[in-house]
Amino acid sequence: MMEPYTVLVVDDVKTNLMIMGQSLKGLYQILEASSGAQCLKLARSEPQPDLILLDVVMPDLDGYEVCRALKSDPATAEIPIIFVTGKDSDEDEQYGLELGAVDYITKPIRPAIVRARVCAHIQLKQQRDRLQSMAMHDQLTGLYNRHFLIECASQRLARVARHRNPMTLVLMDVDHFKRVNDNYGHHVGDKVLIEVARLLSTNMRREDVVARLGGEEFVMLMDCSLDNAAAKVEHLRHLLEALEPDGIKVTGSFGLVEASPYNADFSHLLVLADDGVYRAKTQGRNCVVC
Ligand code: GH3
Ligand code: MG
Ligand code: MG
Ligand code: MG
């Protein structure tokens, strides 16, 4: 049940790698590194290890330096590190923990202790991953939620301001959705929202962000100019019209706005996109307004 979790074991002595590998066998996927440099390389590549067992005394980069490097890089800072080392003074242990390690085990290696501590920390990691995922996704549709959207948008908008990357924000509001609930019930309304969400996410590129802002409103962040986005969204509008989830005709009104270095504030962009949606509604719905 825990197989998908990966533990990276780092030690310059082969026997140590073997003993630790043996003690975790069957519980986790094991990766091995025999130097600090190799550890950094594996920690930065996909799939990322879920935990690192890290020796301290190694030629070249020692474990403390490796830990410092991992903790200072946002891409690896969250990986739990357990030191497994012969350095057994209180000062060493305190130093290791202050560098950000979650635990400190002294050699000689006791396989049962290594296993028990790894299991405990992997369980914590599992819980944290679950909470993190819940905090960023919408429960009904599985899309990103408003909270994540705001975080992600501010990061992307910073890139727009700094590097002039193009970005277009799309707001979509399902037309007369209240009627779906009124005519078919809330449960069917929910199913329609799930189908609409699936259509949006399967027709966007991987780099694009698709989120449920709330209710029957969806936001997409597209890494392209307004013209390109408008063409894709027009296609999407057709697909939505043709979807007919549960045999119900569903359409949407779309408002688009392109971000620029001078206009890179998410809430302001959202107001402008909402204005587009409002105009789409007054123009008879089921249309795209830029
Ligand atoms: P318009 O074309 O002007 O947008 O009309 P509308 O009916 O879509 O707009 P309105 O804002 O009046 O209604 C939105 C409806 O969406 C009302 C609300 O009950 C429904 N709704 C919001 N969230 C959910 C949900 O999670 N599930 C279901 N089934 N309905 C929801
Ligand atoms: Mg060593
Ligand atoms: Mg609405
Ligand atoms: Mg609506």
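Biologist: Leaving aside its neighbours within four places in sequence, with which residues is Phe177 in contact?

Modeller: Two residues are in contact if their C-beta atoms, placed from the backbone, lie within 7 Å; once neighbours up to four places away in sequence are set aside, Phe177 is in contact with Gly189 and Glu216. This is a predicted model, in which local features need pLDDT of at least 70 and side-chain atom pairs count only at pLDDT 80 or more, while totals for chains, interfaces and linings use all residues. Residues are numbered from 1 along each chain as its sequence is written, and chains are lettered from A and ligands numbered from 1 in the order in which they are written.

Biologist: Is Phe177 buried or exposed, or does it fall in between?

Modeller: A residue is buried if 20 or more other C-beta atoms, placed from the backbone, lie within 10 Å of its own, exposed if 12 or fewer, and partly exposed in between. Phe177 has 19 such atoms within 10 Å, and therefore counts as partly exposed. Its place is in helix H7, where helices (H or I, at least four residues) and strands (E, at least two) are DSSP runs numbered from the N terminus. The C-alpha atom of Phe177 is separated by 13 Å from that of Glu195, 18 residues apart along the chain.

Biologist: Which residues come nearest to ligand 1?

Modeller: A residue is near a molecule if its C-beta atom, placed from the backbone, lies within 6 Å of it. There are 16 residues around ligand 1, and those that come nearest are Asp175, Phe177, Lys178, Gly189 and Gly215. Strand S6 (168–174), helix H7 (177–184) and helix H8 (186–202) each supply at least two residues of this shell, and H8 gives the most, with four. By type, with Ala, Val, Leu, Ile, Met, Phe, Trp, Tyr, Cys and Pro as nonpolar, Asp, Glu, Lys and Arg as charged, and the others, Gly among them, as polar, the shell divides into four nonpolar, five polar and seven charged residues.

Biologist: In what order do the strands of the open sheet that includes S6 lie?

Modeller: Two strands pair if DSSP finds at least two bridges between them. Here five strands form an open sheet with mixed pairing, in the order S7-S8-S6-S9-S10. Strand S7 (209–214) and strand S10 (288–289) stand at the edges with a single partner strand each, so one side of each has no neighbour in the sheet. S7 pairs with strand S8 (residues 217–222) in the antiparallel sense, over five bridges, and Ala211 stands opposite Val219 in S8.

Biologist: Across which strands does helix H9 lie?

Modeller: For directions, axes are lines fitted to C-alpha atoms, for helices over the stretch in contact, and angles run from 0 to 180 degrees between N-to-C directions. Helix H9 (residues 226–243) lies across S6, S8, strand S9 (252–258) and S10, and runs at about 170 degrees to S9. Helix H10 (residues 266–282) lies across S6, S9 and S10, running at about 140 degrees to S9.

Biologist: What is the pairing in the open sheet that has the order S2-S1-S3-S4-S5?

Modeller: The pairing in this open sheet of five strands is parallel. S2 and strand S5 (103–106) are the edge strands, each pairing on one side only, and the twist averages 20 degrees from one strand to the next. Strand S1 (residues 6–10) has four of its five residues buried, so the rest of the structure largely encloses it; S1 pairs in the parallel sense with strand S2 (residues 29–33) over five bridges, with Leu8 opposite Leu31. S3 and strand S4 (residues 81–85) run parallel and are joined by three bridges.

Biologist: Which residue does the UniProt annotation "modified residue: 4-aspartylphosphate" cover?

Modeller: UniProt positions are given in the numbering used here, with shortened feature names, and annotations may be inferred rather than shown by experiment. According to the unreviewed entry, that annotation covers Asp55, which is found in the loop between strand S3 (51–54) and helix H3 (63–72). Asp55 counts as buried because 27 other C-beta atoms lie within 10 Å, and among the residues that Asp55 touches, beyond those up to four places away in sequence, are Asp11, Asp12 and Thr85.

Biologist: What is the omega of the peptide bond from Glu46 to Pro47?

Modeller: That peptide bond is cis, with omega near -5 degrees, and Pro47 is found in the loop between helix H2 (36–44) and S3. A cis peptide bond also joins Lys107 and Pro108, with omega about 5 degrees.
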